[in-house]
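Thanks for coming, everyone. Have a look at it first.

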Amino acid sequence: MKKFLALVLSAALALSLVACGGSDSSSGSTGSTGGSSAAASGDAPLIGYSLNSMDSTMKQMADFFQETAEEAGWEPVLLNANGDVSAELSNVESLINMGCKAIVIMGCDTEGSAPAVEACGDAGIPCIVAGRAINADESSYYTFVSGDHHLAGEVQGKFVNDYLAANPDVTLNIGFIRGQSGSQSVADRYAGFEDTCLNNPENEGRVNLVADQYAEFDAEKAYNITTDMLSTYPDINCFVTQSDDQAGGIINAIKAQGLNVEDYLIVSIDCSSTGIDYLRSGELDATVLMAMRQLAVTAADYVQKAMDGETVEKANPIPEYYQLATADNVDDLLAANGMA
């Protein structure tokens, strides 16, 4: 059996190098053998991680998942579904067949990821749903850990409110580019921005939502949508979006039109390596840090509780998961959250 697992993990490691290199294949995986002595000897429990993609944010998330698992003395196996719920289900079934003692799922879709979660329940394997709520039967998962997605939008909204307060002569015409259609977390983030900024009486007459589209968390789609928005609504002077990869698409579309990025207020979510680079270049005004290492630590805490047979609440929010990041504070913020 150990020889079989070694072969599985060796193949998984090769696949992970492809996935992290930006492959277009439907899935990739990694099995780390660089952790504790228990892991090196093959005696460590296998813990599965099902990731929804390998964009810049999820690459960082994968690193934190692997790091925290190895710190706990486990053997992590990470699989990437590249946004495909069919691949996600197949990946989770593979993790089950490998003998994983627990599985952490960052789902592709609020509804479409339910079969993957329920597969864990059917197999009697504790499932920790992380980041995005999944509408699966509560009996099929151990717990759900996440930040408050509404708060992410609130943080964006407060930044725009503060910008308006500091610039009393400015009116903002906003192009809003959302993430994945049908996602409750995306809807909650938009609602947070809407409640805090768009519906703020103090902003009356100074904030206009002129365009609103989904880019499915895809940089190329965000680029094309931005190009269309700039043509159709030339008075747009602000873009609010829900991922740093999409922010990159926005920035590149503005530059491709020969326009000055500095003439646009651009606000994102993630504080990924991509977003940090844009903050430091001055092309991105603000993003919202997701305390990804804290999510990985919290998920690991519940993996251990599950293996110990403890009973926990079905939902466990992470306080201060979302925090505003700008060029002025990003280094301190990363350090304070263990992400430097």
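**From a loop to the core**

Start with Ser 53: its side chain makes a polar contact with the side chain of Asn 52, at 3.1 Å. A polar contact here is a pair of N or O atoms within 3.5 Å; within protein, one must be able to donate a hydrogen and the other to accept it, and residues adjacent in sequence count only if both atoms are side-chain atoms.

Some housekeeping. This is a predicted model, where local features need pLDDT of at least 70, side-chain atom pairs count only at pLDDT 80 or more, and totals for chains, interfaces and linings use all residues. Residues are numbered from 1 along each chain as its sequence is written, and side-chain values use heavy atoms, with hydrogens and water left out.

Back to Ser 53. It is found in the loop between β2 (46-51) and α3. Helices (H or I, at least four residues) and strands (E, at least two) are DSSP runs, numbered from the N terminus. Is Ser 53 buried or exposed? Ser 53 has a relative accessible area of 16%, so it counts as buried. The cut-offs: buried is under 20% relative accessible area, exposed is over 50%, partly exposed is in between, with a 1.4 Å probe and protein chains only. Leaving aside neighbours within four places in sequence, Ser 53 is in contact (heavy atoms within 4.5 Å) with Met 58, Asn 80 and Asn 82.

Next, helix α3, residues 56-71. Its 16 residues reach 23 Å from first C-alpha to last, close to the 22 Å expected at 1.5 Å a residue. That expected span is 1.5 Å times one less than the number of residues. Buried residues in α3 include Met 58, Met 61, Phe 65 and Ala 69. After α3 comes Gly 73, with a positive phi near 85°.

Now the core. A nonpolar core is a set of buried Ala, Val, Leu, Ile, Met, Phe, Trp, Tyr and Cys residues joined through side-chain atoms within 4.5 Å. The largest one has 63 residues, and Tyr 49, Met 61, Phe 65 and Phe 239 have the most contacts inside it. Which helix gives the most to this core? Helix α11, residues 292-307, with 8 residues. Apart from this core lies another, of 22 residues, among them Ile 96, Met 98, Ala 116 and Ala 119.

Take Tyr 49. Beyond four places in sequence, its contacts include Phe 65, Trp 74, Pro 76 and Val 104. Pro 76 lies in strand β3, residues 75-80. Pro 76 is at 0% relative accessibility, so it counts as buried. Pro 76 and Phe 65 are 11 residues apart in sequence and 8.0 Å apart in space, C-alpha to C-alpha.

Phe 239 takes us to strand β9, residues 238-241. Both faces of β9 are covered: Cys 238 and Val 240 on one side, Phe 239 and Thr 241 on the other, all buried. Strand β7 (residues 172-178) pairs with β9 in the parallel sense, over 4 bridges. Pairing requires at least two DSSP bridges between the strands. Phe 176 stands opposite Val 240. On β10 (residues 265-267), which runs parallel to β9 through 3 bridges, the partner of Val 240 is Val 267.

Last stop, α11. Its buried residues include Met 292, Leu 295, Tyr 302 and Val 303. Gly 309 follows α11, with a positive phi near 80°. That's the tour.
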